[in-house]
Protein chains: 2
Amino acid sequence: MATQATASPDAAYEELSARHSDTLARAIEAVSTRESWSPFSDSPSSKIHGAEKPAEGQAAFEAWLGKRYEIDQPGIAEWIGDEVSPYTRQPLGITYPRSEPAALIEAGTKALASWRKVDFETRALVCLEIAQRLYDRNFEMAHAIMHVAGQSYVQAFAGSGPNALDRGIEALAYAVKAMRDVTPHAVWRRKFGPDDVALEKHYTIMPRGLALVICCASFPTWNSHPALFANLATGNPAIMKPHPIAIFPVAMTVKIAREVLSEFGFDPNVVTLATDTREQPVAQAFIDDPTVQIIDFTGSARYGSQLENSITKKALFTETSGVNSVVIESVAALPTTARAVARSASLFSAQMCTSPQTIFVPEDGIRTGDGTASPRDVAQALADEIDALVENPKAAAGVMGAVQAELSMDVVDTVRSKLAAREDVEIVREASPYPHPEYPEARTLTPLVAVVPAELEAVYADEQFGPVLFVVPTASADDAVARATRLAKENGTIATYLYSTNEDFIARSTDAYEEAGANLSINLHGSMWINFAAAYSDYHVTGLNPAGNASLADLAFVASRFRIVQRRRPE
Amino acid sequence: MATQATASPDAAYEELSARHSDTLARAIEAVSTRESWSPFSDSPSSKIHGAEKPAEGQAAFEAWLGKRYEIDQPGIAEWIGDEVSPYTRQPLGITYPRSEPAALIEAGTKALASWRKVDFETRALVCLEIAQRLYDRNFEMAHAIMHVAGQSYVQAFAGSGPNALDRGIEALAYAVKAMRDVTPHAVWRRKFGPDDVALEKHYTIMPRGLALVICCASFPTWNSHPALFANLATGNPAIMKPHPIAIFPVAMTVKIAREVLSEFGFDPNVVTLATDTREQPVAQAFIDDPTVQIIDFTGSARYGSQLENSITKKALFTETSGVNSVVIESVAALPTTARAVARSASLFSAQMCTSPQTIFVPEDGIRTGDGTASPRDVAQALADEIDALVENPKAAAGVMGAVQAELSMDVVDTVRSKLAAREDVEIVREASPYPHPEYPEARTLTPLVAVVPAELEAVYADEQFGPVLFVVPTASADDAVARATRLAKENGTIATYLYSTNEDFIARSTDAYEEAGANLSINLHGSMWINFAAAYSDYHVTGLNPAGNASLADLAFVASRFRIVQRRRPE
C-alpha cells in the first residue's frame with residue numbers, strides 16, 4: 001500500500017495510530033494473558049491471501065536473482081553476496097551493499113539524534129507498519145527463506161513470516177509497556193523546614209546508543225525481529241548484520257524498514273545493513289565501537305560464548321543453542337509418542353534450536369499401552385515414524401525441507417563414524433537423503449537414530465547441528481531426569497520434553513527442570529509440533545543455562561535498552 | 001515488636017500482608033505517579049517518636065562499643081572490625097564475624113533452594129517487615145551512621161534511615177511490579193491442522209543465583225537497601241559486603257533481616273554478612289564464584305570501572321561517582337543562589353555523590369537582581385554563605401557533620417597545593433576546620449572556594465572527594481553548558497544544576513543535558529537541599545555516563561534479577 005510522505009512526526013502518529021493502535025493494544029494484552037493471538041495468518045493458503053499472491057511472491061523473489069539488492073545506505077564500498085540455495089545448489093547471484101562500519105556508525109549516530117526525539121508511541125507504530133509490510137510481502141520472504149536457509153515452503157511462510165513477526169511484536173509490546181511505565185511528568189510537593197516545596201519533574205526516555213543485531217543463518221527473521229523492534233521502539237538505531245550465507249531475509253527487512261522510515265519523514269539510517277563475508281567478519285568492528293551499546297546475537301554457542309565472555313559495559317542479549325532432551329518414562333501409546341518426537345526431530349532436518357536430540361529411556365523399559373518397551377523398541381518406533389514420513393516425499397519435503405549447510409552433513413557423518421567405531425552402539429536407522437519431489441538437487445538428510453550408552457556423553461551431550469537422534473538407556477526414570485537436567489544446566493538447552501502417564505513422576509520431576517532453567521513440554525502429541533514456540537505465550541530461552549542469556553520476550557529483554565533522564569524545577 | 005515464630009509460608013503471608021500490603025500498594029502507586037510519599041517520617045523529633053526513643057537509640061548503639069556484634073552465621077573464622085569514629089577519632093572496638101566465602105556461598109546456595117519457592121509476594125512482605133524493624137530502631141542506626149560515616153545526627157537519621165528505606169522500598173515496588181507482570185498460568189488454544197490444541201502453561205519466577213552487594217562507606221544504607229530488597233524479592237539470597245570502615249549499619253541490617261527471616265520460618269542465610277579488611281579484600285572471591293550471578297556496587301569510580309571492565313556473564317549494577325557541575329547564567333538574587341549551592345556543597349562536607357563541585361560562570365559575568373556579577377563575585381558570594389554557616393557551629397555541625405576519612409583531608413590539601421602553585425588561580429576561601437560544639441576531636445573541614453581557569457581541567461574536572469568548590473569562568477553561558485555536559489559525558493555525573501532566569505536559555509540547554517545523560521535541577525533554592533534525591537520520584541544515576549550503569553530505581557534495576565521458566569502440557 002503506497003503512502004504519501006508524511007510531513008511531521010505528529011502526522012505520522014495520526015496515520016499510523018489509525019492503522020495499528022488496536023494491534024498494539026491487543027499485543028500488550030496477549031503478552032499479559034499469554035493466550036493465543038496473532039494479527040496474522042500463518043497459513044499460505046490462497047483462500048486467505050487470494051489466488052495471485054503466492055505466484056506474485058515467488059516471482060518477486062526470483063526477479064532478484066543475479067541482481068543487485070539495492071539499498072541506498074551510506075558508505076557503500078562494494079556489492080557482495082555468496083548465497084547458495086540448498087534446494088538448487090546454485091548461487092543466487094544476488095549482491096548486497098557492503099558499507100564501511102565507520103560510515104554506518106556515523107549515519108546511525110546522526111539518526112539517533114532525531115529518532116530519540118520521536119515519541120516512543122510513534123516509534124512503536126512505525127515498527128508495526130514495518131511488520132505489516134513484511135507480512136504483505138510474505139510470499140516473497142517465504143521463497144527467500146527457502147533458498148537461503150533451506151526451510152520448507154510451508155515452514156518458511158509461517159515460521160519465518162507471521163510467527164517471526166509475532167515474536168517481534170511481542171518484544172515491541174514489552175518495550176512499549178516498559179516505557180509507558182515511566183510517567184513523563186510529575187508534580188512533587190512536600191514540606192521542607194518552613195518551605196512548601198513544589199517541583200515539576202520531567203522524565204525523558206533516552207536510547208542507550210547504537211544497536212548491533214547479529215542474525216543467524218537458519219532462522220534469520222524469527223531471531224532478529226524481536227531485537228530490531230525492541231531497539232527501534234526504545235530509540236536505538238539498529239545495524240542489522242546478517243549471517244553471510246543468509247543475507248536476503250535481513251536485507252529485505254532492512255529495505256522495507258528504510259522505506260517506511262523515509263515515507264513517514266524519519267531518517268532511514270535508523271536501520272542499516274552490515275554485510276560481511278566469512279573470511280572477513282565485521283561484527284567486532286561494531287562491538288569495539290563505544291557508540292554501539294546494545295548487541296543482540298543469535299547463532300552458535302561457540303561464538304555466543306565468546307561474546308558473553310568478552311563483552312563488558314554493553315547490553316548483550318544472546319540466544320545460542322543447547323542439547324534438547326526427551327525423557328520417556330511411560331506412554332499411553334508408543335507410536336503416538338514416537339511420531340511426535342520423530343516428526344519434531346525431522347522438522348527442518350533438526351536445524352532448529354528447539355529440535356529434540358537426546359532421548360533418555362530407562363534401561364528396564366517403559367510402560368506403554370501395549371506392555372513394556374525397551375530403549376531399543378523406542379529407537380525402532382522413532383525410526384519407523386521417520387521411515388513412514390520419508391515414504392511420502394511430498395510430505396517429507398514439507399517437513400524436512402533441505403539442509404542449509406554442507407557442515408551439517410559433515411556433522412552427521414562424523415557422528416556416524418564415532419558411533420560405528422563402538423560395539424556398544426546400535427545404529428537403528430541410518431541418516432540418508434530423501435528425494436525432494438520438486439528440487440532433485442536439494443541437499444536433504446533424514447535423521448539417524450542410534451541407541452548409545454549413557455557413558456557416551458562426548459557424542460550425545462554435545463549439540464550435533466543436524467538430523468540425529470540418540471536414544472540413551474538410563475538406570476531409571478529418575479536417572480533419566482537427572483541426566484536431562486544436568487545436560488541442560490551444563491551444556492544448555494532451549495526446550496526439553498517429558499513423557500509420562502505417572503502424575504507423581506511428573507510432579508517430582510518438574511522441580512529439577514526448573515532448577516536447570518529448562519522450559520519443559522509434557523506429553524505433547526498430535527498436530528502441533530512439540531517444538532513449536534508461540535509468540536506472546538511461550539518464553540523462548542530462559543537465560544538460566546548456557547543456551548543464552550536472554551528470553552524472548554520479557555521485561556528484561558527490553559528494560560535496559562533505554563534509560564531515563566530527568567529534570568526538575570520549581571513549579 | 002516481637003512476633004511468634006510462624007509455622008508456614010502461608011501463615012507468614014497472612015500475618016505480613018495484614019501489616020504491610022497497604023504500604024506495598026502505596027509504594028507501587030508512588031513509583032508510578034512519582035509524587036511525594038513515604039510511610040516513614042524523616043524527622044528525628046521526639047514529638048513524632050516519643051520522648052524515650054532518641055535516648056534509647058543512642059544507648060543501644062553505645063552498648064555495642066567494644067563488643068562483638070553477634071551474628072550467628074556459617075563459617076565464622078574470626079571477629080574483625082577497625083571502625084573509627086570521625087567524631088571522637090576513637091576506635092569503636094566493635095567486632096563482626098568474618099566468614100569464609102565458601103561457607104557463605106554454600107549456605108546461600110542452600111537458602112536459595114527454599115527461598116525461591118516462597119511466593120514472591122511473601123518475599124516482598126518480608127522485606128517490608130525488615131524495613132519496618134530498621135525504622136523502629138532508626139535512632140540506633142542514626143548514631144551508628146554518625147560514628148562510622150561522619151554524617152550529622154539529623155542527616156544520619158533521615159538520609160540513612162527513612163530516605164534509605166524508601167529507596168529500598170522503591171526498588172522493591174519495581175521488583176514486585178515486574179514479577180506481577182508475569183502471569184503464573186495461562187490456557188492457550190488454537191487450531192493446528194485438524195486438532196484443537198489446548199495447552200495449560202505454567203510460568204515460574206526463578207532467581208538468578210546468589211547476589212553480592214558491595215556497600216560504600218559514606219552512605220552504607222541508602223546505597224544498599226535497594227539492592228538488598230530487589231534481590232530478596234526476586235528470590236536471590238544476598239551476601240552483604242560492607243566497606244571495612246563502615247560495617248555497623250550493614251551488619252545491623254543483616255542482623256535484623258536474619259531475625260525476621262528466622263522468625264517467619266525462613267532460612268536466615270538468605271542474608272549474610274561478608275566482612276573484610278582493606279588489606280585482604282574479599283569481594284573478588286565472590287565475584288569469581290559461578291553461583292554469584294548478581295553484583296551491586298556503590299563506591300569509587302576506580303573500582304567501579306574495574307568491575308565494569310572485567311565482569312562478564314553476570315548482572316552488574318554500579319553507582320560510582322562523577323563531577324557534579326553548576327552552570328549559572330543569570331539569577332534573580334545572587335545571595336539566594338549562592339546560599340543554595342554553598343549549603344549543598346557543605347552538606348556532609350561534600351562527601352555525597354550529588355554534591356556540586358564545579359561551577360561554570362560566563363567570564364563576562366551574569367545578570368543578577370543587583371546588576372552584573374563576575375565569576376569572582378560568584379565565588380565571593382559562595383564563600384560568604386559558607387562563612388555565615390560556619391559562624392554558627394551548631395548549624396555547621398548539623399549540616400557538615402564530620403569528614404569520614406583522612407583521605408578526604410589529603411584530597412583537599414593536594415588540590416590546594418596544585419592551585420597555590422598557579423598564578424591564574426585565586427583561592428577565595430581556604431578550607432579550614434570548624435569547631436564541632438559536641439565533639440572537639442571531630443575531623444571537620446569547610447569548603448575551599450577558588451576561581452580557576454577553564455584550562456585547569458586536570459583539577460576541576462576530576463572528582464575531588466572532599467569539600468571544594470571551583471568557580472570556572474567560561475567564554476559564554478552556552479560554553480558553560482557545553483563544558484558541563486562534556487564533563488558529564490566524559491567523567492560522569494550524578495547531579496547537575498542550572499541557574500537561569502532566561503527561559504530560552506533553559507530550553508536550549510535541556511537537550512545537551514539529556515544527551516549527556518545528566519539529571520538536571522533547575523533554579524532550586526530554599527530549604528530543600530538542591531542535591532536532595534527523593535525516593536519514588538527522583539531517578540538516581542541515569543546509566544548513560546560513567547557515573548554508573550544503573551538507576552535507582554527503574555524496571556531495568558530489577559527485571560534481569562529473575563528469570564522465567566515455563567512448562568506446558570495438554571489441558
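Colleague: Where is A:A553 in chain A?

Modeller: A:A553 sits in the loop between β18 (520-522) and α20 (555-559) of chain A. Keep in mind that this is a predicted model.

Colleague: Which residue other than glycine has a phi near 55°?

Modeller: That is A:N523, and the value is positive. A:N523 is found in the loop between β18 and α20 of chain A. At 16% relative accessibility, A:N523 counts as buried, because the cut-off is under 20%. B:Y536 is not a glycine, yet its phi is positive, about 70°. B:Y536 belongs to the loop between β18 and α20 of chain B. Its relative accessible area is 0%, so B:Y536 is buried.

Colleague: Now helices. Which residues of α12 in chain A are buried?

Modeller: First the idea. An α-helix has 3.6 residues a turn, so residues three or four places apart point the same way. Then the case. Helix α12 covers residues 301-310 of chain A, and A:Y303, A:G304, A:L307 and A:E308 are buried in it. They span an arc of only 140° around the axis, so they lie on the same side of α12(A).

Colleague: What covers the buried residues of α12(A)?

Modeller: The cover includes β5 (210-214), α11 (283-287), β8 (292-298) and β9 (315-319) of chain A. Just after α15(A), A:G401 takes a positive phi of about 60°.

Colleague: How do I read the surroundings of one residue, say A:I145?

Modeller: A:I145 is in helix α6 of chain A. Its relative accessible area is 0%, so A:I145 is buried. Leave aside neighbours within four places in sequence. A:I145 is then in contact with A:G150, A:Q151, A:A156, A:S160, A:P220, A:T221 and A:P249.

Colleague: How many aromatic pairs are there over all chains?

Modeller: The count comes to 36. Take A:F139 and A:F157. Their centres are 4.6 Å apart, with 45° between the planes, and the pair is tilted. This pair links distant parts of the chain: A:F139 is in helix α6 (residues 138-149) and A:F157 in helix α7 (residues 153-159), 18 residues apart. A:F139 counts as buried at 3% relative accessibility. A:F157 is buried as well, with a relative accessible area of 1%.

Colleague: Why is the pair of A:F219 and A:F348 edge-to-face?

Modeller: Check the angle. The planes stand at 80° and the centres are 5.7 Å apart, so the pair is edge-to-face. A:F219 lies in the loop between β5 and α9 (225-233), and A:F348 in the loop between α13 (334-346) and β11 (358-362), 129 residues apart. A:F219 and A:F348 are buried. Rings can also form a cluster. Ring pairs link A:F61, A:W64, A:Y69, A:Y96 and A:F248 in this way.

Colleague: Which residue lies over the face of A:Y203?

Modeller: B:R34 does, at 5.5 Å from the ring centre. Within chain B, B:R561 lies over the face of B:F557, at 4.3 Å from the ring centre.

Colleague: What area is buried between chain B and chain A?

Modeller: The size of an interface is often given as the accessible area lost when the parts come together. Here the area is about 6700 Å², and carbon and sulfur atoms give 51% of it. In chain B, B:R563, B:R568 and B:R569 lose the most area to chain A, together 11% of what that side buries. By contacts, 79 residues of chain B meet 78 residues of chain A. Of the interface residues of chain B, 99% are also interface residues in chain A, so the copies meet through the same surface.

Key. Residues are numbered from 1 along each chain as its sequence is written. Chains are lettered from A and ligands numbered from 1 in the order in which they are written. This is a predicted model: local features need pLDDT of at least 70, side-chain atom pairs count only at pLDDT 80 or more; totals for chains, interfaces and linings use all residues. Side-chain values use heavy atoms; hydrogens and water are left out. Contact means heavy atoms within 4.5 Å. Buried means under 20% relative accessible area, exposed over 50%, partly exposed in between (1.4 Å probe, protein chains only). Helices (H or I, at least four residues) and strands (E, at least two) are DSSP runs, numbered from the N terminus. The arc is that of the directions from the helix axis to the C-beta atoms. Rings of Phe, Tyr and Trp (its six-membered ring) pair if their centres lie within 6.5 Å; planes under 30 degrees apart count as stacked, over 60 as edge-to-face and the rest as tilted. A charge sits over a ring if NZ of Lys or CZ of Arg is within 6 Å of the ring centre and within 35 degrees of the ring normal. Buried area is the accessible area (1.4 Å probe) that two parts lose on being put together, summed over both.
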